[in-house]
Amino acid sequence: MVIAVLVLEVAGTCTIVIPTYNEENNVVNMAKAIRELHPDFHIMFMDDNSTDRSKQLIDELGDPLTEMVVRKPEERGLAASVFQGILECGTDYFMTVDCDFQHPLSTLKGMYEKMEAGADLVIGTRDDRTAMGFKRWAGSWLFTFFANMFLFWHGKPRSKDNMSGLIAGRTDVFVPVIKDNWDNLEMKGWKVLLDLLRWGPKDLKIEEEHYIFAKREIGESHISPNVVITTFHQCGMFGRFCARVYAGLKGIKYPYEK
Ligand SMILES: Nc1nc2c(ncn2[C@@H]2O[C@H](COP(=O)(O)OP(=O)(O)OP(=O)(O)O)[C@@H](O)[C@H]2O)c(=O)[nH]1
Ligand SMILES: [Mg+2]
């Protein structure tokens with residue numbers, strides 16, 4: 001009994017799920033920065049077989065509440081990594097954060113408090129996205145609009161920032177959503193939130209945590225035209241039509257294998 005209570009205390013109530021690919025310059029700083037702010041949070045790096053020293057560095061860190069899960073190469077995908085992390089974390093709440101410090105860690109406290117106050121989902125909402133540069137800012141705005149039309153059509157909750165990668169959620173709400181809709185989820189995609197809104201319950205209690213999006217400081221960006229294609233692909237028949245047109249313009253094979 002005493003052991004069970006101790007294990008529960010160590011496991012804490014929240015897991016920070018961090019998708020990674022070749023982030024050796026960021027992983028340790030990230031783990032240390034989260035640990036300093038939240039001594040009891042579990043940290044799960046969901047790594048897609050990085051070719052750098054990421055795994056070795058996290059193992060050397062020796063933090064019992066921090067682990068790096070190296071995923072099966074054939075299942076590679078940013079969204080797939082995050083969905084797997086949510087399924088496996090085992091805590092009451094999960095939060096998803098990028099590994100390049102673009103999501104300020106100072107937001108985690110407010111997000112956690114909103115979860116404790118009864119939210120099902122807290123969305124990190126970017127007030128000022130100009131750090132992305134004009135082209136990405138405009139693309140992001142257009143996609144948000146397009147995706148909200150799609151969610152509206154399906155009677156699902158919408159958000160000012162449905163492209164956000166900074167979110168917190170209840171595992172008891174979203175684990176069944178992920179399991180029941182596994183074949184519908186866009187595993188190669190980047191927009192986890194969009195799928196959680198699309199396939200989640202209509203009456204989600206959603207809160208927002210506002211933040212300013214920063215520039216990636218260290219390490220390489222992994223963004224590519226595939227992000228546009230997979231995001232369109234998530235948005236129903238018309239979205240798949242747009243994905244096909246865009247892929248054609250870029251000379252990329254579409255539809256691709258799931
Ligand atoms: N597991 C996994 N993580 C990935 C993959 N591609 C990127 N990531 C991680 O996902 C997070 C977001 O990727 P970024 O390259 O920062 O994408 P972004 O923030 O849209 O682009 P930038 O603004 O240029 O940084 C980072 O933590 C990456 O390491 C992947 O294929 N698998
Ligand atoms: Mg980034």
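How many Å separate the centres of domain 1 and domain 2, taken over C-alpha atoms? The separation of these centres is 23 Å. The model is predicted.

## Domains and their contact

The chain splits into domain 1, residues 10–221, and domain 2, residues 224–258. Domain 1 brings 12 residues to the contact, and domain 2 brings nine residues.

On the domain 1 side, helix H6 (134–153) and helix H8 (192–199) each supply at least two residues. H6 gives the most to this side, with four residues. By class, the side of domain 1 that touches domain 2 has seven nonpolar, one polar and four charged residues.

## The sheet

Seven strands make up an open sheet with mixed pairing. Their order is E3-E2-E1-E4-E6-E5-E7. Strand E3 (66–70) and strand E7 (206–212) are the edge strands, each pairing on one side only. On average, neighbouring strands of this sheet are turned by 25° against each other, direction ignored.

One pairing joins strand E1 (residues 14–20) to strand E2 (residues 42–47). These two strands run in the parallel sense, with six bridges. Ile18 stands opposite Phe45 in E2.

Helix H7 (residues 171–180) lies across strand E4 (93–96) and strand E6 (167–170). The helix H7 runs at about 90° to E6.

## Helix packing: H2 and H3

Two packed helices are described by the angle between their axes and the distance between the axes. For helix H2 (residues 27–37) and helix H3 (residues 54–61), the axes come within 9 Å. They cross at roughly 35°. The crossing of H2 and H3 is right-handed.

Which residues of H2 and H3 meet? From H2 come Val27, Val28 and Ala31. From H3 come Ser54, Leu57, Ile58 and Leu61. By class, this contact of H2 with H3 has six nonpolar residues, one polar residue and no charged residues.

## Surroundings of ligand 1

Ligand 1 is surrounded by 18 residues. The closest are Pro19, Ser81, Cys99, Ser221 and His222. E1, E2 and helix H4 (78–89) are the elements that give two or more residues to the shell around ligand 1.

How does this shell divide by class into nonpolar, polar and charged residues? The shell around ligand 1 holds six nonpolar, five polar and seven charged residues.

Notes: Residues numbered from 1 in each chain as written. Chains lettered and ligands numbered in written order. Predicted model: local features only at pLDDT ≥ 70, side-chain atom pairs only at ≥ 80, totals over all residues. Pairing = 2+ DSSP bridges. Axes fitted to C-alpha atoms, helices over the stretch in contact; angles between N-to-C directions. Contact = placed C-beta atoms within 7 Å. Near = placed C-beta within 6 Å. Nonpolar A, V, L, I, M, F, W, Y, C, P; charged D, E, K, R; others polar. Left-handed = near helix turned anticlockwise from the far one by under 90°. Domains from an automatic or database assignment.
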